[in-house]
Amino acid sequence: MRKVRMHGYDGPSALRLDEVPAPLAGPGELLVRVEVAGLTLPVLKVLNGFGRVPLPHTPGGDLVGRVEAVGQGVKGYRVGDRVGGVVFQDLYAELVPVQAALVTPVPEEIAAADALAVVRGGLVALAALRAGRLERGDSVLITAAAGGVGHLAVQLARALGASRVVAAVGSAAKAEFVRGLGADEVVRYQDAAWGEPVDLVVDSVGGQVLQRAAEALVPFGRLVVNSGAGGTLDAGVLLRGMHTVTGLAMAQLSRLRPDLVESHRAELWALLADGALRPVAERFPLERAAEAAEVLAARANLGKLLLDLSLEPAA
Ligand SMILES: NC(=O)c1ccc[n+]([C@@H]2O[C@H](COP(=O)([O-])OP(=O)(O)OC[C@H]3O[C@@H](n4cnc5c(N)ncnc54)[C@H](OP(=O)(O)O)[C@@H]3O)[C@@H](O)[C@H]2O)c1
């Protein structure tokens, strides 16, 4: 089968399409024939040598596909079922072994790219807005607003009754894109001011942007820390602003509050069916995975970047 693997630590160009033996479903696993596989931000770190993973290596991420084989001990799934979820490695391939506990059923009628938005990006975005206790009438600022998570967070904030949605982005092209998604105001990170303060900020950038995010809050405002990139907050700013800061880690939320994650997922399927959530994705065939990773590295993606296995040229 075809599989994209990294053969060095020199960024996206290290990704190459190889022919490898098909994997098997191990105990507790499903073997999934991939429809779409998403590129996620942590992939860049791996490609640039973080953790020095043994080579050749294939990163992980989010996927939607169909069960090809059911591993020992797995209950509740049959060959042919449609599923979506995440894997920690070996994603960019025709067949991927996944832990059954990390996938959930995907309705037949939903397009694969839309389903992917419920499986990960939308789930993160909704969990972040809920962690920030979004209420009708709140003003909300979303950073990395044009990305896989961010472009859904903008739409969800709007759908859940935010009175004003401010999108913070890194380029003029992204500014135009998020305006099209319904953002009322758009700011660039480097702008001296980010407009009128807001009730809630969801920050998916971290680093220097995290402090700017805290400074964008009204008194008693809430900040959700959603970026894996870390950052430092000035306690004085939080103290004077009487701000609340909430961290979000989906892996922890899934472990500690699976009920919440399940209810978020159900809400997302309904919003998708209503047309309140319109995922945007740029698709690449498997063999162009390196190009897709280049787009991510250049911070140029508008919405989600995904590998669409149906785009493969016929053999
Ligand atoms: N809390 C959780 O459990 C959880 C789970 C999943 C994802 N996340 C977070 O959600 C965010 C979005 O993830 P995603 O995978 O959907 O990515 P994405 O938003 O599709 O793409 C990344 C975006 O982040 C911004 N960015 C910030 N630093 C960057 C960098 N060093 N290189 C490239 N882009 C950078 C860019 O937008 P700008 O140019 O506008 O800055 C870029 O478009 C990430 O911060 C990730 O850590 C959190």
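Modeller: Val 87 is found in strand β5, which covers residues 82-89. The model discussed here is a predicted one. Val 87 counts as buried because 22 other C-beta atoms lie within 10 Å, where 20 or more are required. Leaving aside neighbours within four places in sequence, Val 87 is in contact with Gly 60, Leu 63, Val 96, Val 98 and Leu 102. Val 87 and Pro 59 are 28 residues apart in sequence, yet their C-alpha atoms are 8.7 Å apart in space.

The chain beyond the strand deserves attention as well. Asp 90 lies in the loop between β5 and β6 (95-99). Although Asp 90 is not a glycine, its phi is positive, at about 65°. Most residues other than glycine have a negative phi, and most peptide bonds are trans. With 18 C-beta neighbours inside 10 Å, Asp 90 counts as partly exposed, whereas Val 87 is buried.

The peptide bond from Leu 55 to Pro 56 is cis, with omega near -5°. Another positive phi, of about 55°, belongs to Met 242, which is not a glycine either. Met 242 is placed in the loop between α6 (235-241) and β13 (244-247), and it counts as exposed, with 11 C-beta neighbours inside 10 Å.

Leu 63, one of the contacts of Val 87, is also touched by Val 36. Apart from residues up to four places away in sequence, Val 36 touches Leu 63, Val 64, Ala 112, Ala 113, Leu 116, Leu 306, Leu 307, Asp 308 and Leu 309. The largest nonpolar core has 97 residues, and Val 36, Ala 153 and Ala 167 are those that touch the most other members. Helix α2 (residues 112-131) gives the most to this core, namely 14 residues. Domain 1 (2-106 + 280-311) and domain 2 (123-252) both contribute residues to the core, so it lies between them. In soluble globular proteins, nonpolar side chains tend to be buried together.

The two domains themselves can now be considered. The protein is divided into domain 1 (2-106 + 280-311) and domain 2 (123-252), and their C-alpha centres lie 28 Å apart. Their contact takes 9 residues from domain 1 and 9 residues from domain 2. On the side of domain 1 that touches domain 2, there are 3 nonpolar, 4 polar and 2 charged residues.

The ligand likewise relates to both domains. Domain 1 and domain 2 each give residues to the shell around the ligand, so it lies between them. The ligand is surrounded by 24 residues, of which Gly 147, Gly 148, Gly 170, Gly 228 and Met 250 are the closest. By class, this shell holds 11 nonpolar, 11 polar and 2 charged residues.

Finally, there is helix α9 (residues 289-297), in which Ala 289, Ala 292 and Ala 293 are buried. These three cover an arc of only 100° around the axis, which puts them on the same side of α9. The buried residues of α9 pack against β1 (2-6), β2 (15-19), α1 (42-47), β14 (281-284) and β15 (304-308). After α9 comes Arg 299, whose phi is positive, near 55°.

Note on methods. Residues numbered from 1 in each chain as written. Predicted model: local features only at pLDDT ≥ 70, side-chain atom pairs only at ≥ 80, totals over all residues. Buried ≥ 20, exposed ≤ 12 C-beta atoms within 10 Å, placed from the backbone. Helix = DSSP H or I, 4+ residues; strand = E, 2+ residues; numbered from the N terminus. Arc of directions from axis to C-beta. Contact = placed C-beta atoms within 7 Å. Core = buried A, V, L, I, M, F, W, Y, C linked by C-beta atoms within 7 Å. Domains from an automatic or database assignment. Near = placed C-beta within 6 Å. Nonpolar A, V, L, I, M, F, W, Y, C, P; charged D, E, K, R; others polar.
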